[in-house]
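Q: Let's go through this one piece by piece. Start with any helix you like.

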Amino acid sequence: MRKKISVIGLGYVGLCTTVCFAVKGYKVISSDKETTKVELIGRGTSPFYEPGLETLLKEAIQDGNLKVVSRTEGAVLGSDISFIAVGTPILRNGNVDLKFVRSSTKEIGKALRKKDGFHLVVVKSTVTPGSTEKVIKPLLEKYSRKRVGVNFGLAVNPEFLREGSAIHDFLHPNRIVIGEFDEHSGKTLEMLYREFYGDKIPILRTNPATVEMVKYASNAFLAAKISFINELANICERLPQKVDIVEVARAIGMDPRIGQEFLNAGVGWGGSCFPKDTKALVAFSRKIGYRPRILEDVIRVNLEQARRVIDVIKEEMGALNGKKIAILGLSFKPNTEDVRGAASIRVINHLIQEGAQVYAYDPAAIDNAKKVLGTKIKYSSTISECLDKADGCILVTEWEEFKKISPEDFTRLMRKPFLFDGRRIFDPKEFSEKLRFRAVGLSKMRETP
Ligand code: NAD
């Protein structure tokens, strides 16, 4: 018989996990401590924008496979396997803040005390190596008065989905990684995934701390790859010959040892994971006696990238004081409304420091940006409104609708058309013929002397 699933924490990871299991016919009962979120989800409305999610959520509710509750106990008692998917933010010093993990674990432990039969607890939240063994396992054993590996199971199984393509990523993972405390827990989780995905997806089973490290290693590597290509882009920009980072990236990416993905130069990475996970890995590493210099620079290069954009536009526009700058894109990447750690925020803060008047447009992220930037900038409801009489424009996020803007649109709407393409979506040849145009990773000198 199919296992019943519960997910504790209905954020990006928890809700996508919940919905994907439910639409595949599993009985899922999930919980979140925020009652308003629970009510919203219960009515079939997603509390955040994620392509395809709401349609599947409605489907799952209609089929009667999905129930959402506000108490962990109900979720645990109504299921065989519980996934912990609560947030793991970082503290000011970079250390992971496990307060949500601790509270949800205690609640699961208390529920397990009342439960007969085997139950498997799976840690999906991102936690530093050793956390499940040192924090989660003792709390579960204390509050359940039971033993891991004897009365219940425990495994770590990090999530690799990306916001913006979360449903696709959950349904088509490239690998599943399981860190098990005992053979039975590992086997139970492997069987669940084999049943769900078939036998084409590789499943790696090892110890919990290795798996916790895999998640950080994965995000740190991807962040490093972007910082690396951004650093090369900065070199290209300074070359006296015509050199374009896009061509360089395409060519190096054809080497299978390098690969094409995450080689898009831009104004910097952000999001809910890379910034906090890279910082957490640095803090964790220093705590155990090793200073990770490459990782520290990966973070530094990223923060400085926003400043470099400002330097380029000052080179073109002179002092920015009092000038109107239009920002296209606020979310940290397209297809999400998430602005956590977004490069747009760093660029905008620099512009404000320079005295510029900032107007911003984003198809989805304005409400979230308002929570961070408040009244420091003006928010536009269309692209045209944003560009209207602007002295300069910075393209920060590569939303599809921005790709349709023509050079003529910029020249018609802006007071002094100058465009900085921070994500390389516009054709440099076409655009630089029609307006003042600069782009990340493109040398200023176009023609080889
Ligand atoms: P999130 O902040 O969007 O959501 C977390 C949810 O947990 C919130 O709704 C919160 O109310 C709930 N919660 C907190 N304590 C709770 C409790 N005691 N009981 C029930 N609910 C509780 O977080 P997220 O972005 O979904 O990330 C969750 C974890 O997954 C984090 O560790 C994150 O690093 C990791 N992760 C995130 C992504 C991503 O793209 N967002 C990808 C991979 C891994």
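**Helix H14 and onwards**

A: Exposed is over 50% relative accessible area, buried is under 20%, and partly exposed is in between (1.4 Å probe, protein chains only). This is a predicted model, where local features need pLDDT of at least 70, side-chain atom pairs count only at pLDDT 80 or more, and totals for chains, interfaces and linings use all residues. Residues are numbered from 1 along each chain as its sequence is written, and side-chain values use heavy atoms, with hydrogens and water left out.

Q: Which residues of H14 are buried?
A: Ile366, Asn368, Ala369 and Leu373, in a helix that runs over residues 366-373. Down the axis of H14 these fall within an arc of 155°, so they line one face. The arc is taken from the directions from the helix axis to the C-beta atoms. Helices here are DSSP runs (H or I, at least four residues), strands likewise (E, at least two), numbered from the N terminus.

Q: What do the buried residues of H14 pack against?
A: Helix H13 (343-353), strand S10 (357-361) and strand S11 (378-379). Contact means heavy atoms within 4.5 Å.

Q: And what follows H14?
A: Gly374, with a positive phi near 55°.

Q: Back to H13, then. How many of its residues are buried?
A: Eight of the eleven, so H13 is largely enclosed by the rest of the structure. The buried ones include Arg346 and His350, along with Ala343, Ser344 and Ile345.

Q: What covers them?
A: The cover includes helix H12 (293-317), strand S9 (324-328), S10, H14 and strand S12 (392-395). Just after H13, Gly355 has a positive phi of about 85°.

Q: Which residues have a positive phi although not glycine?
A: Phe262 is one of them, at about 65°, and Asn335 also has a positive phi of about 65°. Phe262 is in the loop between helix H10 (245-253) and helix H11 (274-287). Asn335 lies in the loop between S9 and H13.

Q: New topic: the ligand. How many residues surround it?
A: 29, the closest being Asp32, Lys37, Thr88, Thr126 and Lys276. A residue counts as near if one of its heavy atoms lies within 4 Å.

Q: What is the make-up of that shell by class?
A: Nine nonpolar, ten polar and ten charged residues. Asp, Glu, Lys and Arg count as charged; Ala, Val, Leu, Ile, Met, Phe, Trp, Tyr, Cys and Pro as nonpolar; the others, Gly among them, as polar.

Q: Which helices supply at least two residues of the shell?
A: H1 (12-23) and H5 (99-113) each do. H5 gives the largest share, four residues.

Q: Which polar pairs does the ligand make?
A: Among them, a ligand oxygen is 2.6 Å from an N or O atom in the side chain of Asp32, and a ligand oxygen is 2.9 Å from a polar backbone atom of Val13. A ligand nitrogen is 3.3 Å from a polar backbone atom of Lys33. The protein covers 92% of the 840 Å² of accessible area that the ligand has on its own.

Q: Last one: where is Gly42?
A: In helix H2 (residues 35-42). Gly42 is partly exposed, at 38% relative accessible area. Leaving aside residues up to four places away in sequence, Gly42 touches Ile61 and Val68.

Conventions: Polar contact = N/O pair within 3.5 Å; in protein donor to acceptor, adjacent residues only side chain to side chain. Areas by Shrake-Rupley, 256 points an atom, 1.4 Å probe, with all protein chains shown as cover.
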